[in-house]
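Hi,

Here is the structure I said I would pass on.

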Amino acid sequence: MNDTNTRPPVAGVRSIRTLFIGAMLLLAALLSAPLLYSATTLMDQLVERYAMELLHGELQARLAPVDRQYQTLYRVGLEDSQEHRQEILRTALASFASFRYKRTGRLFVVHREGRPLLPAGIPAKDSPAFPAFFAKLQAGDSPIEYRAADRTMRAVFRYYEPWQSFVGLSMDKEELFFHHGIFARINLAILLAGLAIAGVFTWLLQRYIILPLIGLAHFVGAVERGERPSPPAGVFLLELGRLRDGVLQMVQALQAKMAESRRQLEQIREREEELSQTLDQLQEREERYRTVFNAPSDAIFLHDPKSGAIVEANRGAERMYGYSGADLRTKQIGDLSLGNAPYGQEEAVAHVRRALEKGGDRFEWYARRAEGSLFWVEVALHAVSFGGQRYILGVVRDIDARKRAEMALAKEKEQLAITLRSIGDGVITTDDRGLVVIMNPVAEALTGWRENEALGRPLTEVFTIVHETTGAPIEDPAAKVLRTGRLVELGNHVILVSRQGDRRAIADSAAPIHDPQQRLAGVVLVFRDMTEKYRTERELRKIQKLESIGVLAGGIAHDFNNILTTILGNVSLALAHLEQPGRHGAQDELPLLLKQAERATEQASKLARQLLTFAKGGDPVLQTASIADIITEATGFVLRGSSVRCEFDFAADLWPVRVDPGQISQVIQNIVLNARQVMSEGGAIAISAANHLEPPAGGEAGREEQDEKRWVRIAISDTGPGMPADVLDKIFDPYFTQREGGTGLGLAICHSIVTRHDGRLTVVSEPGQGSTFTILLPASPEDTRTTADEDEGAAAGRPLRVLVMDDDPMIRQLACRMLEFLGHRATAVADGEAAIAAYQEALANDSPFEVVIMDLTIVGGMGGIEAAAALRRLAPSAKLVVASGYANDPVLAEHQRYGFCAAMAKPYTTQALRRLLAQLCG
């Protein structure tokens, strides 16, 4: 062997060096990158939070003066002045238009109907980007990001109720977050400096450690190849020098043994060739036996198609059938079958014939084990040839568990189908995408969809539900279950609209379906037709009213007689004074007598309104009201003329409620009336009302669902005999009563009314301890405060032309006299057609009526609602006033919805008429 140079190849050194330096730089980058990323991310969050807070602060600062202007209007009583409100809006928009925050910050105002009032910094109204921008405003999630004028903008906003608009402050995103780029460049510079330091350190490490080690490695490699290399050159510091010396000594010892190793290697190669030939023979035999016998689980048979005798079988067949290999070779293939049709000898021969003719056949079979048990198998037959003779090769797979599971599943499906067809509720199941999977016949009848038509459709297409009173769509319960994974029960006032347009009141619930791994697999929806039940409840209310009115008739008749006595006595005495004008003191007595008659008439009017409220039924007509006023009036109505006293305890800051005052008054009256009846010898009733906050149930998605529920809690306690537990369980059942002659409908109707208001009614009682009924009603976010009545002596203003429509001639005559007394000109008509004709004639003569007072109900003619619609078409700015003797009519409560400017309940006084006209035309 010749000596060779031990210096490693240049390419190899450079490749190793490059790899090492790259690894070190990569390590430094990996250690620095997370710090750079975390610092940049933290700075982004801080910059964005600080920027959003600044924008919010600027927006609030711009709106604060406007808020103070509206507060000033409220303090001086001009909150309804449209002129002042428009002036505030114009001034604010002008101020907003001139405002700049830094370079690109601008204020914008967009009406809730999508009309830009101040379009600065937002997409143009007719641009494609505007609908998406407006949708984000309606979603209410501030801040938002959008494109406008080829710039990305960030904006904060709020819905400003006085303008019914979205007011926001937008700013170019690049200007808003310009600090981010500065911070990123600083961090990048630090990272590059770190990488440079790591590079210098790596070069030193490679120069004095890596290169010497590479030289030693090259030297050892040359020795292994049988060469005689020169000792490695270079600087070997400290331990590396001792390592080089040790390697040189080792190489000298190894070279002495290399010749002996080569001789032994030649012997090993000769033995390997002999072993290879022997191994090839063993592998050939092993492969043949593995093919025939060692299938892991399936049974393999080779049998004669003529005699059916089993020629060969593998160990899988032994395990499957319970025979030994020798026993199987003494059997025929028919011995392993059921033996009877359709799994008998004739059917087996037919399958074998088919395999011989077509080359193969596959079928399911009922097989028999050695101990006699039967099980299902899947058989695959193949025609093969060995040594010029044809055989049938059968591969058998045990499918007993799968087959029995399929049969059990089919049985369960049939039982489920029978169950679903037999129950009286509608049932719909969906998959995890909300698509319909199953519908029972009741669901088909209620929705109008056949199951085969609905399969695969979204549930919202088949199951359409809306709110009973508003008609607004209700959220798909299946979607809510899939979102939350929890049981969902819909409240009251739910209407199912069928495919044909039929509307039914329903009660329903939706529950999640989980697979064996507890993953959400779908939803089952169960619902019931409640239309007939609600109709029955309304009829029950009418029946119960008859009973209650019978109890109260005596007291009401007594009060009306007293009132009529007062009216008749004062009027007759006034007439007597008029007939004797010369009588001493007659002129002084007349005003007092008429004033007392007027006061008695007002009491009769109030009592009539209470009767109308008590008689009202049906679905609730909701309005914001003070529950304290309802309770006080209803209780006084029921306890009139009785020996039972009532004590009230109302919270000073009691929230208003959104209820049907008539129906809630009926609930209070029924409960108080029951207490009055059980305390026949007198007693006390304590009624309290307070605000009540209920914490959220938890688990629901969405911030709104996590807010505390606001209730008004009403407690009605009596000192009666109380009730035992068995009576309490049935107290709200229809027709259950312990009072002789009672119908048992009062408390059932109370429970129904409170439930229809989305409230709760409970009772606590013990024998001898009295009873306490608790009512929870949802609080209203609105306020019931109204402006104070104007001074009765306020001036009526300029003379007006007034049209009066009423079918009662006495009322027409009286109204005209009142108006003429107030200095106005009045024209009276009997029905809506005459009112329209008179209004048209006045318009043609260029002397239009400035106010029209219309009766709501005209017997046999056009009433106020129809006539108001026609007059609105003639003169959209007409000032229409509705007057009705039905004080609790929903038109009076929501008169603006029907086209009226104001409402007035009959009977009304001259002072009330003066205040109304001053309000409309003052």
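Ile 687 sits opposite Ile 716 in β24. Keep in mind throughout that this is a predicted model. That pair belongs to strands β23 (residues 683-694) and β24 (residues 709-718), which run antiparallel and are joined by 10 bridges.

Zooming out, the sheet here is an open one of 5 strands, ordered β21-β23-β24-β26-β25, with mixed pairing. At its edges are β21 (644-650) and β25 (760-765), each of which pairs on one side only. On average, neighbouring strands in this sheet are turned by 20° against each other, direction ignored.

Which strands does helix α17 touch? Helix α17 (residues 627-638) packs on the sheet against β21, β23, β24 and β26 (771-778), and its direction makes about 175° with that of β21. Helix α18 (residues 661-678) lies across β21, β23, β24, β25 and β26, and runs at about 175° to β26.

These two helices also meet each other. The axes of α17 and α18 cross at roughly 45° and come within 9 Å, so the pair counts as oblique. Their crossing is right-handed. On the α17 side the contact is made by Ile 627, Ile 630, Ile 631, Ala 634, Thr 635, Phe 637 and Val 638, which meet Pro 661, Ile 664, Ser 665, Ile 668, Gln 669, Val 672, Leu 673 and Arg 676 of α18. Sorted by class, the contact of α17 with α18 has 11 nonpolar, 3 polar and 1 charged residues.

Within it, β29 (residues 851-855) and β30 (residues 880-884) pair in the parallel sense over 4 bridges.

Helix α22 (residues 832-844) and α23 pack at an angle of about 15°, and their axes are 9 Å apart. The two are therefore roughly parallel to each other, and their crossing is right-handed. From α22, the residues Gly 832, Ala 835, Ile 836, Tyr 839, Gln 840 and Leu 843 meet Ala 867, Ala 870, Leu 871 and Leu 874 of α23. What classes do the residues in this contact of α22 with α23 fall into? They divide into 8 nonpolar, 2 polar and no charged.

One more helix pair for you: α21 (residues 809-821) and α25 (residues 910-921) pack at an angle of about 65°, with axes 10 Å apart. The crossing of α21 and α25 is right-handed. Met 818, Leu 819 and Phe 821 of α21 make the contact with Thr 910, Leu 913 and Leu 917 of α25.

**Backbone details and a salt bridge**

Where are the cis peptide bonds I noted? One runs from Ser 142 to Pro 143, with omega near 5°, and Pro 143 is in the loop between α3 (129-139) and β4 (144-148). Another joins Ala 341 and Pro 342, with omega about 5°; Pro 342 is placed in the loop between α8 (325-328) and α9 (345-358).

Also on the backbone, Lys 102 has a phi near 60°, which is a positive value in a residue other than glycine. You'll find Lys 102 in the loop between α2 (82-98) and β2 (106-111).

How many salt bridges does the structure hold? The count is 24. One of them is between Glu 266 and Arg 269, where the closest N and O atoms are 3.6 Å apart. Both residues lie in helix α6 (residues 239-293), with Glu 266 and Arg 269 3 residues apart, about one turn of the helix.

Cheers

Definitions and conventions. Residues are numbered from 1 along each chain as its sequence is written. This is a predicted model: local features need pLDDT of at least 70, side-chain atom pairs count only at pLDDT 80 or more; totals for chains, interfaces and linings use all residues. Side-chain values use heavy atoms; hydrogens and water are left out. Two strands pair if DSSP finds at least two bridges between them. Axes are lines fitted to C-alpha atoms, for helices over the stretch in contact, and angles run from 0 to 180 degrees between N-to-C directions. Angles under 35 degrees count as roughly parallel, over 145 as roughly antiparallel, 65 to 115 as roughly perpendicular and the rest as oblique. A crossing is left-handed if the near helix is turned anticlockwise from the far one by less than a right angle, and right-handed if clockwise. Contact means heavy atoms within 4.5 Å. Ala, Val, Leu, Ile, Met, Phe, Trp, Tyr, Cys and Pro count as nonpolar, Asp, Glu, Lys and Arg as charged, and the others, Gly among them, as polar. A salt bridge is a side-chain nitrogen of Lys or Arg within 4 Å of a carboxyl oxygen of Asp or Glu.
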